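Please consult the sequence and structure shown below.

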Amino acid sequence: MPDNASPAAILGDPPSIVGPLTETIQHASDLVWDTLAANTPRDLHWEIILLTLAIATFIWLIRGGHGARGADGRERKAGLLQFLLPKDIYSHVSARVDLWLWITERILRPFWIVGLLATVGSGTETAVIESLEWIFGASPAMQSNYTWMLIYSLVTLLCYDFVFYAIHYAMHRVPALWALHKVHHSAEVLTPLTRSREHFIAGPIWAAGGALSYGFIGGIFAWLFDGGIVAATLFNIGVFALLFGFNGSFRHYHVQFHYPHGLSKWLHSPVMHHVHHSYLPKHWDKNFAAVTSIWDRLFGTLYIPEKDEYTPWGIGPATQSEYRSYWQNTVGPFRDWYQMLRSGDSPQAGAADQRE
Ligand SMILES: [Zn+2]
Ligand SMILES: [Zn+2]
């Protein structure tokens with residue numbers, strides 16, 4: 001995902017003469033990209049890490065040393081330092097592989113941002129604006145107010161979360177995609193860097209999904225407000241950056257942060273993602289969304305864990321040794337695809353050995 005760059009900044013100056021329609025589209029496109037850059041999960045931020053440590057310390061205090069897991073996925077009592085930075089987790093080979101996969105992804109990222117993201121994001125929003133103009137005519141040029149800002153925030157959040165859910169569901173259910181996403185699930189311990197642990201081919205797929213959802217909603221709102229959605233966009237930055245940033249990083253931290261049961265039915269608590277990483281059959285294919293529980297609830301994949309529920313992480317003892325090193329995780333998908341092609345496996349046959 002781009003951190004701050006808009007496609008205009010990446011691709012160079014626009015032509016000197018810009019027609020009114022193109023200008024509107026260009027303007028809207030920049031808005032979409034600013035929103036995308038502001039809202040998508042970014043790499044580690046000190047504010048987020050400090051907030052994570054502060055909440056973890058609070059959990060340690062109120063639970064008398066309980067509430068964090070060890071590398072085996074079991075809850076255990078610990079002193080504060082061991083609670084916050086357990087040696088068995090941060091010295092684990094999985095944590096080292098997280099780091100190298102993250103570095104690879106950072107190096108390769110610029111190559112696909114320009115080629116793929118600029119096309120999908122701005123292409124989608126241009127298509128949406130043009131379609132709306134074709135069907136309904138010129139923009140109604142509505143005036144933005146606080147209520148509309150909230151609606152814009154909420155719609156963007158729900159749309160992004162739905163697209164995330166759909167991609168994530170496909171990553172688990174389609175064998176060729178599972179071969180890629182397995183790299184995220186081969187993490188045997190969770191650290192904040194596990195969030196970025198993806199095969200370098202999976203990065204563009206997630207990013208295209210984000211660009212598609214922001215382009216779609218951005219196009220609709222840019223048309224409705226004739227580009228006057230700037231305030232709402234600015235308003236969104238704080239809310240989304242905090243929600244995505246915090247949730248994305250805490251859910252890959254080994255400390256269990258539960259929400260009250262009622263709230264968990266609406267928002268994913270960080271500990272609900274511990275379940276998603278568990279190899280126990282009852283935990284498979286649960287809690288797919290990024291932020292809300294709404295889509296998981298709607299499609300029957302929501303799983304709210306009990307307090308201190310055992311969640312051993314990884315892809316399971318039977319195949320874990322094939323996905324342990326950096327090299328194994330990098331070539332693994334290619335090997336799986338080759339085997340699928342060679343054996344002419346039906347998709348179901350591939351899915352059956354997802355996890356043992
Ligand atoms: Zn997953
Ligand atoms: Zn994860």
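Helix 7 (residues 146–173) and helix 8 (residues 175–185) pack at an angle of about 100°, their axes being 5 Å apart, and the two helices are therefore roughly perpendicular (65 to 115 degrees) to each other. The model is predicted: local features need pLDDT of at least 70, side-chain atom pairs count only at pLDDT 80 or more, and totals for chains, interfaces and linings use all residues. Residues are numbered from 1 along each chain as its sequence is written, while chains are lettered from A and ligands numbered from 1 in the order in which they are written.

**Helix contact**
- Axes are lines fitted to C-alpha atoms, for helices over the stretch in contact, with angles from 0 to 180 degrees between N-to-C directions.
- A170, M171 and H172 of helix 7 meet L177, W178, L180 and H181 of helix 8 (contact: C-beta atoms, placed from the backbone, within 7 Å).
- By class, this contact has five nonpolar, two polar and no charged residues.

**Annotated segments**
- An unreviewed UniProt entry annotates "transmembrane region" at several stretches, including residues 149–167 and 200–223.
- Residues 149–167 are 100% helix (DSSP H or I, at least four residues), with end C-alpha atoms 27 Å apart.
- Residues 200–223 are 92% helix, with end C-alpha atoms 35 Å apart.

Key. Parallel < 35°, antiparallel > 145°, perpendicular 65-115°, else oblique. Contact = placed C-beta atoms within 7 Å. Nonpolar A, V, L, I, M, F, W, Y, C, P; charged D, E, K, R; others polar. UniProt positions renumbered as here; feature names shortened; annotations may be inferred.
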